[in-house]
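Reader: Hi! Could you walk me through this one while I have it open on my screen?

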Amino acid sequence: MRKIPALVLLAAMGMSQAATAQEVTLRAVTAFAEKTTYSRGFEQFIERVNAAGTGVIKINYIGGPKAMPPFEVGNALKNGVVDLANATGAFYTNLMPEADAWKLTQRPMSELRKNGGFDYMAGIYAQKMNAVFLARVVDNNPFHLYLNKPITKPDLTGLKLRITPVYRDFFQALGATVVQTAPGEVYTALERGVVDGYGWPITGVFDLGWNEKTKYRVDPGFYTAEVSILINKTTWDKLDAKQKAVLTKAAEEGEAEAAPLFAKANAEDTARQAKAGIQTITFDAAGAKKYFDEAYEAGWAGVIRQSPEHGPKLRSFFSKP
Ligand code: 173
């Protein structure tokens, strides 16, 4: 057999090397405290990507609010200061007010991915955030109002409440005064009596010790919390098919798990709150209906006010048929 010249062999080796993309490393931040309820889905995603992505793609987890203020995460993602972010729409309404509408979804993500609602939002993410929406890792997880002063009807007049954009229109519609803070400032605000209560989902009250400073939870819950994994679109477009596949698989797994995972967590934290002495405030049937209906009415009015172009479309995609 003819011997292959050494130079040809070397060139061939070099070519095969060039055809194999290098392992890429992505920088990631979360808008919620590390290892707490609303970062857990993202941390699981990172573990999956890093386990499956050896030699292909790797995530460098920079961390949470200690590394970056929660309301800055959207900007950092958009500008490519980070490649991946775990955040809720309410934290980047400055860039994309429509993102806060995720809280109003009354259909599962699997359905929204088929009915055009997801694709519609994806278009806005591309345009306003330079982002690709990979997965919603929090869903089926209602918000509540937590209080240190009792109420007997759906009237929040005279109460000063800690909010994010999630709760603003609703609590104001019921007469409250509101003050926006990051989650990291809630404990101190309660301790100092700066606020009479706060909005937060049913889970995670124990993560930062708020149970120590919380007397009441108002039922029913309203909306459904959304926390999602985003990737900078410029970064995404540079990835090869193999790298995208690793991210997509981990994203699909995380999104599929969210609803059942929170069904269980919701029940566990409801029981844990009762055990910790947090009392439940409920209204009569008419009061409960008024409270719940006002939440959606004020919520959609807020979205439509901030985005007259997209708000009505989102309402038809997201609302219960
Ligand atoms: O209350 C909040 O900080 C908030 O808006 C939120 C959103 C999703 C999950 C948890 C909290």
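Predicted model: local features only at pLDDT ≥ 70, side-chain atom pairs only at ≥ 80, totals over all residues.

Reader: Great. What is the strand order in the open sheet?

Author: The order is E2-E1-E3-E10-E4, five strands with mixed pairing. From one strand to the next, the twist averages 25°.

Reader: And which are the edge strands?

Author: Strand E2 (57–63) and E4, each of which pairs on one side only.

Reader: How many bridges join E4 to strand E10?

Author: Six, and the two strands run antiparallel. As an example, valine 132 has isoleucine 231 in E10 as its bridge partner. E10 is also joined to strand E3 (residues 84–87), by four bridges and again antiparallel. There, alanine 87 is partnered with serine 228 of E10.

Reader: Is E4 mostly covered or mostly open?

Author: Mostly covered: eight of the eight residues in E4 (residues 131–138) are buried.

Reader: Which helices lie across E4?

Author: Helix H5 (residues 117–129) lies across E4 and E10, at about 125° to E4. H9 lies across strand E1 (24–30), E2, E4 and E10, and runs at about 30° to E4.

Reader: Nice. Switching to H10, how far does that helix reach?

Author: H10 has 22 residues and spans 32 Å from its first C-alpha to its last, close to the 32 Å expected. Its buried residues include Gly287, Tyr291, Ala295 and Trp300. The buried residues of H10 pack against strand E5 (143–147), helix H6 (168–173), strand E9 (216–222) and H11.

Reader: At what angle do H10 and H11 cross?

Author: The axes of H10 (residues 285–306) and H11 (residues 311–318) cross at roughly 140° and come within 8 Å. That angle is why H10 counts as oblique to H11, since roughly antiparallel would need over 145 degrees.

Reader: Which residues meet there?

Author: From H10, Trp300, Val303 and Ile304; from H11, Gly311, Pro312, Leu314, Arg315 and Phe318. The residues of this contact divide into six nonpolar, one polar and one charged.

Reader: Last one: where is lysine 244, and what does it touch?

Author: Lysine 244 is in helix H9 (residues 241–275). Leaving out residues up to four places away in sequence, lysine 244 touches Trp236 and Leu239.

Reader: Why does lysine 244 count as partly exposed?

Author: Because its relative accessible area is 25%, which falls between the cut-offs of 20% for buried and 50% for exposed.

Reader: Thanks, that helps a lot!

Note on methods:
Residues numbered from 1 in each chain as written. Heavy atoms only, no water. Buried < 20%, exposed > 50% of the residue type's maximum accessible area, 1.4 Å probe, protein only. Contact = heavy atoms within 4.5 Å. Axes fitted to C-alpha atoms, helices over the stretch in contact; angles between N-to-C directions. Parallel < 35°, antiparallel > 145°, perpendicular 65-115°, else oblique. Nonpolar A, V, L, I, M, F, W, Y, C, P; charged D, E, K, R; others polar. Pairing = 2+ DSSP bridges. Expected span 1.5 Å × (residues − 1).
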